Amino acid sequence: MRPEKSVEDLAVEAEVVQGIDVGALVGVHGAQRGSRHVSDAPLSEQNRGGPRDKGRGMTTRHYGSCLCGAVRFEVEGGFDHFFLCHCAFCRKDTGSAHGANLFSTTAKLTWLSGEAQVITYHLPSTRHAKSFCKTCGSALPRAATNASPLVVPAGSLETPVALRPSAHLFVASRADWDHDLETVPMIERLP
Ligand SMILES: [Zn+2]
Ligand SMILES: [Zn+2]
């Protein structure tokens, strides 16, 4: 049994992960440098859109929506990082093993419909936030602010994501059942 986390522990997690800022991103990126996925040139060509692509006539565009379909959005530009975060806040707000979020300091988010449906919840005294559709509760992107880059829940996208996850974060906080999941039987559809 894992001891209950104190509010202070959770707040520390929130400080570090939920408000992932550009500096933190660069730090993690730096730590990953040299790993095949991060430094692989063709991969970064595919995934880094933005101004550099304009000269070549290539622009990366992703589209996404919520479950009920009221909210639709476009992200123009590439993603810098893709993190699977197992912290207690991400587990709680996704109801799952981990959050799966794409981050970009250069891409532009445009709401194509339903912007008024989008609610952003900020967990008090932390930097954890979550945007979601007020009708169906689906996770939705959060536009960049001075404090954090654009955050896009990978599961909200309909277009393919070529970028592989950069890292699992906060594995020390993962659910007690979240071990060796690749060894669990894989069934194509319903059993
Ligand atoms: Zn919805
Ligand atoms: Zn997290």
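**View 1. Leu-140 and its contacts in this predicted model.** Leu-140 touches Cys-66, Val-71, Val-118, Ser-131, Phe-132, Cys-133, Pro-153 and Ser-156, leaving aside residues up to four places away in sequence. What you're looking at is a predicted model, so keep that in mind for the other views too.

**View 2. The largest nonpolar core.** Step back from Leu-140 and here is the core around it. This core has 17 residues, and Leu-140 and Leu-150 are the ones with the most contacts inside it. Which elements give two or more residues to this core? They are strand 2 (72–76), strand 4 (99–104), strand 7 (129–133), strand 8 (139–140) and strand 9 (150–153). Strand 9 gives the most, with three residues. As a general point, nonpolar side chains in soluble globular proteins tend to be buried together.

**View 3. A separate core.** Apart from the core in the previous view lies another one, made of seven residues. Among them are Phe-83, Cys-87, Cys-90 and Leu-169.

**View 4. Leu-150, a residue of strand 9.** Is Leu-150 buried or exposed? Leu-150 is buried, because 22 other C-beta atoms lie within 10 Å, and the cut-off for buried is 20 or more. Leaving out residues up to four places away in sequence, Leu-150 touches Phe-103, Ser-104, Ala-107, Leu-109, Pro-141, Ala-143 and Ala-144. Look for Lys-108 as well: Leu-150 and Lys-108 are 42 residues apart in sequence, but 8.0 Å apart in space, C-alpha to C-alpha.

**View 5. Strand 9, its two sides and its pairing with strand 4.** In a regular strand, side chains alternate between the two faces of the sheet. Here, Leu-150 and Val-152 point one way from strand 9, while Val-151 and Pro-153 point the other way. All four of these are buried. Strand 9 pairs with strand 4 in the antiparallel sense, over four bridges. To spot one bridge, find Leu-102, whose partner in strand 9 is Val-152.

**View 6. Two positive phi values, at Phe-170 and Asp-180.** Phe-170 isn't a glycine, yet its phi is positive, at about 50°. Asp-180, also a residue other than glycine, has a positive phi near 50°. Where do they sit? Phe-170 lies in the segment after strand 10 (167–169), and Asp-180 is found in the segment after strand 10 too. Their surroundings are another matter. Phe-170 counts as buried because it has 20 C-beta neighbours inside 10 Å. Asp-180 has 6 C-beta neighbours inside 10 Å, so Asp-180 counts as exposed.

Notes: Residues numbered from 1 in each chain as written. Chains lettered and ligands numbered in written order. Predicted model: local features only at pLDDT ≥ 70, side-chain atom pairs only at ≥ 80, totals over all residues. Buried ≥ 20, exposed ≤ 12 C-beta atoms within 10 Å, placed from the backbone. Core = buried A, V, L, I, M, F, W, Y, C linked by C-beta atoms within 7 Å. Contact = placed C-beta atoms within 7 Å. Pairing = 2+ DSSP bridges.
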